[in-house]
Amino acid sequence: QVQLVESGGGLVQPGGSLRLSCAASQIIFSIYAMGWYRQGPGKQREMVATITPGGTTNYADSVKGRFTISRDVAKNTVLLQMNSLKPEDTAVYYCTTGPSTTIMTRPNYWGQGTQVTVSS
């Protein structure tokens with residue numbers, strides 16, 4: 001069983017920041033790409049950001065310039081720094097992993113999700 005554990009969600013005001021973390025096993029972290037997806041109320045699930053073992057990143061247009069995905073190799077952890085948050089960023093955020101060829105469309109494994117709420 002592949003275990004992905006998200007943390008860092010919560011309630012923030014518009015314009016605020018949050019940092020999400022996702023821990024994986026060393027082997028998964030080294031051979032698979034990782035990504036963040038989200039699903040807001042009444043919305044379809046969408047890709048937010050992905051990163052390959054080599055460090056190549058990809059972002060949804062809606063978060064470019066505001067969100068940054070990175071890998072902490074020492075901790076086998078992927079991070080999502082979210083700045084300038086907007087109410088439309090409100091969603092359940094999921095950590096995902098899978099081959100680089102499919103991480104942007106259909107990841108193999110999903111975490112349990114963490115709630116991010118942006119509201120005044």
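## A buried arginine in a loop

R66 is buried, with a relative accessible area of 11%; buried means under 20% relative accessible area, exposed over 50%, and partly exposed in between, computed with a 1.4 Å probe and protein chains only. The structure is a predicted model, in which local features need pLDDT of at least 70 and side-chain atom pairs count only at pLDDT 80 or more, whereas totals for chains, interfaces and linings use all residues. Residues are numbered from 1 along each chain as its sequence is written, and side-chain values use heavy atoms, with hydrogens and water left out.

R66 belongs to the loop between β6 (57-59) and β7. Helices (H or I, at least four residues) and strands (E, at least two) are DSSP runs, numbered from the N terminus. A contact requires heavy atoms within 4.5 Å. When residues up to four places away in sequence are not counted, R66 touches Q81, M82, N83, S84, L85, K86 and D89.

## The chain as a whole

The protein chain contains 1 helix and 11 strands. Read from the N terminus, the order of elements is β-β-β-α-β-β-β-β-β-β-β-β. The radius of gyration is 13 Å, close to the 14 Å that the globule rule gives for 120 residues, so the chain is as compact as a globular protein of that length. This radius is taken over C-alpha atoms, and the globule rule is 2.2 Å times the number of residues to the power 0.38. Along its principal axes, the C-alpha trace spans about 40 × 30 × 25 Å.

Of the 120 residues, 44% count as buried. Among contacts with a separation of 6 or more, 57% are between residues 24 or more positions apart. The chain exposes about 6,400 Å², of which carbon and sulfur atoms supply 48%; such areas come from the Shrake-Rupley method with a 1.4 Å probe, and for residues only the protein chains shown count as cover.

## The nonpolar core

In soluble globular proteins, nonpolar side chains tend to be buried together. A nonpolar core is defined here as a set of buried Ala, Val, Leu, Ile, Met, Phe, Trp, Tyr and Cys residues joined through side-chain atoms within 4.5 Å. The largest such core has 28 residues, and W36, L80, M82 and Y93 have the most contacts inside it. At least two residues of this core come from each of β3 (18-23), α1 (26-31), β4 (33-39), β5 (46-51), β7, β8, β9 and β11 (114-118).

## Strand β4 and its partners

In β4, 6 of the 7 residues are buried, which leaves the strand mostly covered. Two strands pair if DSSP finds at least two bridges between them. β4 pairs with β9 in the antiparallel sense over 7 bridges, and A33 stands opposite G98 in β9.

β4 also pairs with β5 in the antiparallel sense, over 5 bridges. In this pairing, Y37 stands opposite M47 in β5. The hairpin of β4 and β5 has 6 residues between the strands, and G42 there takes a positive phi near 70°.

## The disulfide

A disulfide is a pair of cysteine sulfur atoms within 2.5 Å, and by this rule the count is 1. The link joins C22 to C95, with an S to S distance of 1.9 Å. C22 lies in strand β3 and C95 in strand β9, so the pair ties together parts that are 73 residues apart in sequence. The angle about the S-S bond is -80°, and the link of C22 and C95 is left-handed. Both cysteines, C22 and C95, are buried.

## Further loop residues

I103 is found in the loop between β9 and β10 (109-110). I103 is buried, with a relative accessible area of 2%. Although I103 and M34 are 69 residues apart in sequence, their C-alpha atoms are 6.9 Å apart in space. Leaving aside neighbours within four places in sequence, I103 is in contact with A33, M34, G35, Y37, T50, T96, T97 and G98.

N76 has a positive phi of about 50° although it is not a glycine. N76 is placed in the loop between β7 (67-72) and β8 (77-82), and at 18% relative accessibility it counts as buried. S84, also a residue other than glycine, has a positive phi near 50°. S84 is found in the loop between β8 and β9 (91-98) and is partly exposed, with a relative accessible area of 40%.
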